[in-house]
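Work through the exercises below with the sequence and the model open. Each task is followed by a solution in steps.

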Amino acid sequence: MPELPEVTALAEYLDRRLAGAVVDQVRIGAINALKTADPPYTALVGRRVDSVGRRGKFLVMVTMPPSAGDGASPGGGADDAGPLAVVVHLALGGWVRVTDRLPEAAPPRGKGYVAARFGFVRDGEETGIDLTEAGTWKRLSVHIVRRLEDVPAIADLGPEPLAEDFTLEAFRKLLNHRKQVKGLLRDQKTIAGIGNAYSDEILHAAKISPFAIASTLDDASTARLYEQMRRVLTAAVEEDRGHPPEELKDEKRRIMRVHRRAGEPCPVCGDTILEVSFADSALQYCPTCQTGGKPLADRRTSKFLK
């Protein structure tokens, strides 16, 4: 699933490509992907893209009513005279495909189908955006809203981990839970944007077990976790910046030290990276760096918490 670094880089790429463009067409290929009905998706046609950004793991494209010089009329009514935002969550199998032309045919269905399709025109140049989704479970979501808070999952998001006002003291308060630190880092209501992959990387860099109980971390461990969280995420954002969408997933795998590298040597100490599997995911860690050399057998029976 794309996390904060990939979504940040993707949003920046799309912002450079689309800011100032007029929405020429919108097509919904998977009705289950569209989570809102008011305003209708047709209200986007003729509007101008103001910006493309990110909140948590969500892509946010803000559109404004057309100006007199756009030569197009809005698809909505008077209630849509202000901003309208297209909010996209790519889920596990979703991604963005960009083309240099407007879409021609209806979005296809089937494996890797197109959930939604957008066409844009800016200064005579055309851009097509397909929201694709591979795999059996279709969880990609598209919300069209007047306020970001109208998307329930965004209204519930925790703070951004790289925000200037997200201090060590603010982070320390979030750890006051009898919850495993791996799960706490992934909890979007606690901290926005970190998922399975980067929580593995952060905990490895901080030399903390994924099963450690958050509220038991001492001051030094908490400070180290905070510092490494910001360092790992900042480095990943810088690594991803400038890459087109088709390269970002590969870039994510390339820069990972432990995530999805079970059986390989740890780049820090040389020990073998191990894995703990769950029903729908897995975590990876280094025993020497994180658990005193002892393997974590199972999250329900392991006693190695630090």
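The model is predicted: local features need pLDDT of at least 70, side-chain atom pairs count only at pLDDT 80 or more, and totals for chains, interfaces and linings use all residues. Residues are numbered from 1 along each chain as its sequence is written, and side-chain values use heavy atoms, with hydrogens and water left out.

**Exercise 1. Helix 6**

Solution: 
- Helices (H or I, at least four residues) and strands (E, at least two) are DSSP runs, numbered from the N terminus. The chain has 8 helices and 10 strands.
- Buried means under 20% relative accessible area, exposed over 50%, and partly exposed in between (1.4 Å probe, protein chains only).
- Just after helix 6, Gly242 has a positive phi of about 90°.
- For the chain of 306 residues, buried residues make up 49%.

**Exercise 2. The nonpolar cores**

Task: Find which members of the largest nonpolar core touch the most other members, and which helix gives the most residues to this core.

Solution: 
- A nonpolar core is a set of buried Ala, Val, Leu, Ile, Met, Phe, Trp, Tyr and Cys residues joined through side-chain atoms within 4.5 Å.
- The largest core has 36 residues, and Leu14, Leu59, Phe118, Phe120 and Leu131 touch the most other members.
- Helix 1 (residues 4–18) gives the most to this core, with 7 residues.
- Apart from this core lies another, of 24 residues; its members include Tyr198, Ala214, Val232 and Leu233.
- In soluble globular proteins, nonpolar side chains tend to be buried together.
- Contact means heavy atoms within 4.5 Å. Beyond its neighbours within four places in sequence, Phe120 has contacts that include Leu18, Val49, Met61, Leu102 and Ile129.

**Exercise 3. Aromatic pairs**

Task: Classify the pair Phe118 and Phe120 and the pair Phe171 and Tyr226.

Solution: 
- Rings of Phe, Tyr and Trp (its six-membered ring) pair if their centres lie within 6.5 Å; planes under 30 degrees apart count as stacked, over 60 as edge-to-face and the rest as tilted. The count by this rule is 4 aromatic pairs.
- Phe118 and Phe120 are 6.3 Å apart centre to centre with 20° between the planes, a stacked pair. Both residues are buried.
- Phe171 and Tyr226 are 5.7 Å apart centre to centre with 40° between the planes, a tilted pair. Phe171 lies in helix 3 (residues 168–174) and Tyr226 in helix 6, so the pair ties together parts that are 55 residues apart in sequence.
- Phe171 and Tyr226 are buried, and together with Phe166 they form one aromatic cluster.

**Exercise 4. Two cysteines**

Solution: 
- Cys269 is partly exposed, at 35% relative accessible area, whereas Cys286 is buried at 0%.

**Exercise 5. A buried aspartate**

Task: Is Asp130 buried or exposed, and which side chain makes a polar contact with the side chain of Asp130?

Solution: 
- Asp130 lies in strand 7 (residues 125–133) and is buried, with a relative accessible area of 7%.
- A polar contact is a pair of N or O atoms within 3.5 Å; within protein, one must be able to donate a hydrogen and the other to accept it, and residues adjacent in sequence count only if both atoms are side-chain atoms. The side chains of Asp130 and Arg117 make such a contact at 2.7 Å.
- Not counting residues up to four places away in sequence, Asp130 touches Trp95, Val96, Arg97, Val114, Ala116 and Arg117.

**Exercise 6. Backbone in the loops**

Task: Locate the cis peptide bond between Asp38 and Pro39, and describe Asp123.

Solution: 
- Omega of the cis bond joining Asp38 and Pro39 is about 0°; Pro39 sits in the loop between strand 1 (22–28) and strand 2 (48–55).
- Asp123, which is not a glycine, has a positive phi near 50°. Asp123 is in the loop between strand 6 (114–122) and strand 7, and is exposed at 76% relative accessibility.
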